[in-house]
Amino acid sequence: MPTLRIETRDFDVPYDHLNGVTNPTVSRRKCLKFAMTVGLSSLSPTFGRTRVGLTLAAYRAAAVRCAIEFGHAQLTRVPRFRRLDGTEQGNIAYWIGMTFVGIAADKVLGVSKLIHATQAHGVVKANPISRSLADLVGQDTNQAWHVLEAKGRQISPSAQKLLDWKTQAGTIIGVNGAGVATNSYCVGFLQNPCSVELVDPPPSTPSVRLVIPPEEFGQLYYQPFLDFIGVADTWVIRGGRSVLLRVIGVDPIDNDYIYVGLDEKIVDAARKTGRFPQRLPEFEDKDLYIATDGIAVMTSPGACDL
């Protein structure tokens, strides 16, 4: 299984132990999962239907999958990617940047769920006159909030770009009245091999405090999957875990069906309490991946071969 190099730097106490390099394995299913979930919460309200948002997220995930090769020791860009139009290259590089920031946040920061800070529903600017805002916010298992500015690039950024990203990452000073733990920018490089840089620059002059009703965060994050999978009745049990699944697309390269699903604990929380677990154990076998947020991706050669 290929790896993805993540370099973490400039984190201060008490997060200085995060500095260094890690090389997590990234399967095709894991990549598809993060390509779908990071930023998904902004698509559903935009179009008024959560299933529309998930469909667009699945399209985005398919584009990410087509641009990356998984048959080497490390993730690599497909050789013919450069033949795409420059605008198309830029779009896919951005989507890959969002995918990689999700993987890095989960692996390094312990943040399993990220939503856009500009979310109109569930996230409110306490300072309405501020126009600058970082991309993503999420919470770790210690209830600490982390802010991330997400970028995707094919070449190394200029010094001015790094300065701009540092400024953008520092625009959020607090969430729900508490200070944030880290303000990072994360760059996913679509190169050979692919890599990630996660940087927590020195604080700048922050300008925004966010209010995120805790009861709405999980609902906002999971609602597209709950609505899409709600009519499904296909359960798969692996490694003591039960997952509810529904087919969402076909991988045009590996020629198999792609399913999205939810861990039973997420389904039960939605049906009973509305309080979702902060983090679940990660699981992966030959065709099923369950992320720490409880969202699963499974692949199968046929629509009825689960």
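This report describes the cavity, nonpolar cores and strand pairing of a predicted model.

## Basis of the model

Residues are numbered from 1 along each chain as its sequence is written, and side-chain values use heavy atoms, with hydrogens and water left out. Because the model is predicted, local features need pLDDT of at least 70 and side-chain atom pairs count only at pLDDT 80 or more, while totals for chains, interfaces and linings use all residues.

## The cavity and its lining

The model has one cavity of 30 Å³ or more. A cavity is a set of points, on a 1 Å grid over the protein atoms alone, where a 1.4 Å probe fits but cannot get out. Grid points are joined across faces, edges and corners, and a volume is the space filled by probe spheres set on the points. The largest cavity holds about 60 Å³ of space.

Its lining, meaning residues with an atom within 4 Å of a point, consists of K33, F34, T37, V38, G102, A105, D106, V111, S112, K113, L114 and Y221. By class there are six nonpolar, three polar and three charged residues; here Ala, Val, Leu, Ile, Met, Phe, Trp, Tyr, Cys and Pro count as nonpolar, Asp, Glu, Lys and Arg as charged, and the others, Gly among them, as polar. Helices α1 (28-37) and α4 (86-109) each supply at least two lining residues. Helices (H or I, at least four residues) and strands (E, at least two) are DSSP runs, numbered from the N terminus.

## Lysine 33

K33 belongs to helix α1 and is one of the residues lining the largest cavity. This lysine counts as buried because its relative accessibility is 1%, where buried means under 20% relative accessible area, exposed over 50% and partly exposed in between (1.4 Å probe, protein chains only). Leaving aside residues up to four places away in sequence, K33 touches S112, Y221, Y289, A291, D293, I295 and V297; contact means heavy atoms within 4.5 Å.

## Nonpolar cores

A nonpolar core is a set of buried Ala, Val, Leu, Ile, Met, Phe, Trp, Tyr and Cys residues joined through side-chain atoms within 4.5 Å. The largest has 81 residues, and those with the most contacts inside it are L4, I68, F100, I172 and L262. Helix α4 gives the most to this core, with ten residues. Another core, of nine residues, lies apart from it and includes V236, Y259, L288 and A296.

Beyond four places in sequence, L262 touches Y222, F225, L226, I229, S242, V243, L244, V267, G294 and I295.

## The six-stranded sheet

An open sheet has the strand order β14-β15-β16-β19-β18-β17, with antiparallel pairing; two strands pair if DSSP finds at least two bridges between them. Its edge strands, β14 (234-238) and β17 (283-284), each pair on one side only.

Five bridges join β14 to the antiparallel strand β15 (residues 241-251). Within this pair, W235 has L244 as its bridge partner, and V236 stands opposite V243. The two strands form a hairpin with two residues between them, and G239 in the turn has a positive phi of about 55°.

Strand β5 (residues 114-116) runs antiparallel to β7 and is joined to it by three bridges, with V137 as the bridge partner of I115. Strand β8 (residues 145-153) also pairs with β7 in the antiparallel sense, over four bridges, and Q139 stands opposite W145. β7 and β8 form a hairpin with five residues between them, where Q143 in the turn has a positive phi of about 70°.

Terms used: 1 Å grid on protein atoms, 1.4 Å probe; cavity = no way out; pocket = protein on both sides within 12 Å on 5 of 7 lines; lining within 4 Å.
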